[in-house]
Structure formats: structure tokens, C-alpha cells
Amino acid sequence: DQEDRTDLILLSKDSYEALLNILDDKERLNFRRGENVAMVKAGFTDFVEIDGVQVGWDFGMESHTTDANSDTVHGYGFNCDEMELCMLNKGSLFDSRSDWVMDYAAMRVYFWCLGILKFDSPRHVLKFADIS
């Protein structure tokens, strides 16, 4: 079913580069890059589309991360229709604080967002890991 399909995959930078190298060396595969990719239109430039799924990398996905079973995790896939961002901030999306920094003679502004992603079902989340 189209609504149950994964529509976003976030990998570590090393895994994303390895994927691009695999795609580059293989026979003709249908994948898109550039301005026509939905995530690129939204301002995220390091994404490709493979079989209708947006694939990119994220700073939050560190290379060589392991899970509870000590398996190396390369990334995660999500169905964005089946997840919800639950905010823990009181009444606003972001909280902020500003401090005067004498060394720079400037205000330093900090923004943060306290929230958690809630998934309707585990079947809508993928983990890409080396399984031993």
C-alpha cells in the first residue's frame, strides 16, 4: 500500500557516500538527483531519490554507531505519515536564551526544541545494520 511505504531514509555520512559509490558503479539504475528531488526543493541538498524514497545523510547519524546487540547501524528509514512530533516545550515550538559574550562583544542566542518522535507502529520504522 502506498501509505505504508517508507518515504525517508537517513544514513550516516560514510554509509551515504558508500551508497552513492555503489550506485555509480552499477548498471543503469533509476535514481534522481538535483532540483527535482523533493528534499532538495525543501533546502536539503545531499539527497537522492531511489524508487520514490528520499535517501540522505544526517549529522545526528554518527558513523560506526552500534545498537544494543553491538551491530553497526548505518541508518534508519521512516514513513513520515505514521509519525508524530510530540513537543515537550511549554506552549512554543522553540525555547531560547541569549547571553552577552564579552570576548566577541556580541549577543549569543541559543535555541532548542524539546520533543520526541512518536511512531504509530514499529512496522513503519526501518533500521539498516550489519547483522552478525
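Tutor: A nonpolar core is a set of buried Ala, Val, Leu, Ile, Met, Phe, Trp, Tyr and Cys residues joined through side-chain atoms within 4.5 Å. Please keep in mind that the model before us is predicted.

Student: Which residues make up the largest nonpolar core?

Tutor: That core has 8 residues in all: Ile9, Leu11, Tyr16, Leu20, Val48, Val53, Val55 and Trp57. At least two of its residues come from each of strand S1 (8-11), helix H1 (13-25) and strand S4 (53-57). S4 gives the most, with 3 residues. In soluble globular proteins, nonpolar side chains tend to be buried together.

Student: What makes S4 largely enclosed by the rest of the structure?

Tutor: A residue is buried if its relative accessible area is under 20%. In S4, 5 of the 5 residues are buried, and therefore the strand is largely enclosed. Val53, Val55 and Trp57 point one way from S4, while Gln54 and Gly56 point the other way.

Student: How do you know that S4 pairs with S1, and in which sense?

Tutor: Two strands pair if DSSP finds at least two bridges between them. S1 and S4 have 4 bridges, in the parallel sense. One example is Ile9, whose bridge partner in S4 is Val55.

Student: In which sense do strand S3 and S4 pair, and over how many bridges?

Tutor: Strand S3 (residues 47-50) pairs with S4 in the antiparallel sense, over 4 bridges. Phe47 has Gly56 in S4 as its bridge partner, and Ile50 stands opposite Val53. The two strands form a hairpin with 2 residues between them, and Asp51 in the turn has a positive phi of about 50°.

Student: How does the reach of H1 stand against the expected value?

Tutor: H1 has 13 residues and reaches 19 Å from its first C-alpha to its last, close to the expected 18 Å.

Student: Which residues of H1 are buried?

Tutor: Ser15, Tyr16, Leu20 and Leu23 are buried in H1. They cover an arc of only 140° around the axis, so they lie on the same side of H1. The face turned away from this buried side carries the exposed residues Asp24 and Asp25.

Student: What does Tyr16 touch, apart from residues up to four places away in sequence?

Tutor: Tyr16 touches Leu11, Asp46, Phe47, Val48, Val55, Gly56 and Trp57.

Student: Why is His124 called buried?

Tutor: The cut-off for buried is under 20%. His124 has a relative accessibility of 7%, and so counts as buried. This residue lies in the loop between strand S10 (115-119) and strand S11 (125-129). Leaving aside neighbours within four places in sequence, His124 is in contact with Asp4, Gly77, Phe78, Asn79 and Glu82.

Student: How many disulfides are counted?

Tutor: A disulfide needs a pair of cysteine sulfur atoms within 2.5 Å. By this rule the count is 0 disulfides.

Note on methods: Residues are numbered from 1 along each chain as its sequence is written. This is a predicted model: local features need pLDDT of at least 70, side-chain atom pairs count only at pLDDT 80 or more; totals for chains, interfaces and linings use all residues. Side-chain values use heavy atoms; hydrogens and water are left out. Buried means under 20% relative accessible area, exposed over 50%, partly exposed in between (1.4 Å probe, protein chains only). Contact means heavy atoms within 4.5 Å. The expected span of a helix is 1.5 Å times one less than its number of residues. The arc is that of the directions from the helix axis to the C-beta atoms.
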